[in-house]
Protein chains: 2
Amino acid sequence: MLTFYDAPVSGNTYKVRLLLAQLALPHERIVLDIVGGKVRTPEYRQVNPFGRVPYIVEDGFGLAESNAILQYLARGSRLLPPGAREHALVQQWMFFEQNQVELSIGLPRVWKKFGIEQHPSVLEHYQPRALAALKVLERHLAKHDWFVGGAYSVADIALFAYTHMAPEAGRDLAKFPAVSGWLERVREQPGWLALE
Amino acid sequence: MLTFYDAPVSGNTYKVRLLLAQLALPHERIVLDIVGGKVRTPEYRQVNPFGRVPYIVEDGFGLAESNAILQYLARGSRLLPPGAREHALVQQWMFFEQNQVELSIGLPRVWKKFGIEQHPSVLEHYQPRALAALKVLERHLAKHDWFVGGAYSVADIALFAYTHMAPEAGRDLAKFPAVSGWLERVREQPGWLALE
């Protein structure tokens with residue numbers, strides 16, 4: 001039995017929702033209220049010591065971190081290339097996502113969406129990071145339809161989540177035609193669903 | 001033939017140096033000057049489109065992102081647990097490292113080390129993140145000697161790099177006795193070497 005702790009607003013939980021839908025994996029979904037840090041309760045920490053979402057529990061085995069969850073649930077499926085080198089490239093893009101994309105787009109998006117004030121210096125700190133990350137994606141996608149191995153994979157799911165939120169974070173994607181084209185291709189994948 | 005693009009000051013390249021030493025993997029090492037963005041030259045971008053370090057090239061196969069490199073080079077060795085669940089937990093901790101530890105300790109460390117001025121708001125932005133990350137590590141290490149599977153693994157290498165730099169980032173580890181004890185255990189591992 002697979003239990004999935006979800007929170008609709010989060011881009012990281014969206015990745016897992018997308019994967020579960022596209023692989024049609026049976027699961028129980030528990031929706032938590034993430035806004036205002038309500039996932040960080042002592043009760044939830046008993047389940048998940050990280051106190052964050054997404055989180056899965058499969059027959060007593062608990063796993064945090066969206067990209068670790070994607071790789072675990074996709075193992076043996078069409079969404080995870082089987083070769084060692086292709087799998088390494090999936091990981092390369094996933095670590096890039098968590099280090100360069102998720103924070104630089106995800107944080108400004110949350111602040112904007114919920115009207116959380118930040119000092120202009122903090123906002124300015126993330127701007128060049130977001131821009132540099134989008135340029136890396138654009139350069140890759142100008143030459144490739146997908147991130148790894150010529151096919152849609154969990155690397156695309158991981159990168160789609162926050163990249164497609166860039167406009168919500170105040171970042172126009174008009175200057176990134178290859179990224180924009182790839183976003184459309186992801187949206188055309190069977191079983192794709194929109195962020196709630 | 002394995003080529004490793006290194007830059008001594010980086011914690012992410014240190015992880016790869018440590019792994020190469022501990023697994024005694026033959027390689028050619030190319031040292032780049034990272035300070036002042038000198039790795040971001042057009043020549044280096046021809047080799048590595050990410051324009052960052054570490055990077056490896058093995059018989060024409062290029063791979064970026066320290067934690068992807070660690071997992072790729074450690075496959076089949078004692079430093080990467082073979083089971084799907086244990087491997088997923090290694091990834092869980094590695095994504096946590098790249099998202100929560102590396103930036104919140106690594107950036108303030110670099111700014112302090114090289115006298116790069118930042119607005120106090122930016123410094124304050126990272127403080128609670130660093131503290132929260134160290135608390136997560138402390139809670140885990142209060143109950144476990146290592147991060148995954150009761151043995152030293154690439155998860156420990158990944159987390160050691162920036163955690164052991166916390167004092168350089170102005171963060172005292174005296175309040176984190178379990179973290180401090182684990183840092184010592186890592187230093188006692190065969191083949192361990194200090195950051196250059």
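Just after α4(A), A:Gly115 takes a positive phi of about 60°. That is one detail of a predicted model, in which local features need pLDDT of at least 70, side-chain atom pairs count only at pLDDT 80 or more, and totals for chains, interfaces and linings use all residues. Residues are numbered from 1 along each chain as its sequence is written, while chains are lettered from A and ligands numbered from 1 in the order in which they are written.

**Chain A overall**
- Chain A has seven helices and four strands; these are DSSP runs numbered from the N terminus, with helices being H or I of at least four residues and strands E of at least two.
- Along the sequence, their pattern is β-α-β-α-β-β-α-α-α-α-α.
- With a radius of gyration of 17 Å, close to the 16 Å that the globule rule gives for 196 residues, chain A is as compact as a globular protein of that length (the radius is taken over C-alpha atoms, and the rule is 2.2 Å times the number of residues to the power 0.38).
- Of the 196 residues in chain A, 45% are buried, meaning that 20 or more other C-beta atoms, placed from the backbone, lie within 10 Å of the residue's own.

**Helix α4 of chain A**
- Helix α4 (residues 84-113) of chain A has a kink of about 45°, centred on A:Glu102; the bend at a residue is the angle between axes fitted to the seven residues ending there and the seven starting there.
- Because 22 of its 30 residues are buried, α4(A) is largely enclosed by the rest of the structure.

**How the chains meet**
- In chain B, 28 residues are in contact with 28 residues of chain A (C-beta atoms, placed from the backbone, within 7 Å).
- On the side of chain B that touches chain A, β4 (61-64), α3 (66-74), α4 (84-113) and α5 (120-141) each supply at least two residues.
- The largest share of that side, eleven residues, comes from α4(B).

**A residue to look at**
- Not counting residues up to four places away in sequence, B:Val154 touches several residues, including B:Leu19, B:Leu70 and B:Val90.

Technical notes
Two residues are in contact if their C-beta atoms, placed from the backbone, lie within 7 Å. A residue is buried if 20 or more other C-beta atoms lie within 10 Å of its own, exposed if 12 or fewer, and partly exposed in between; C-beta atoms are placed from the backbone.
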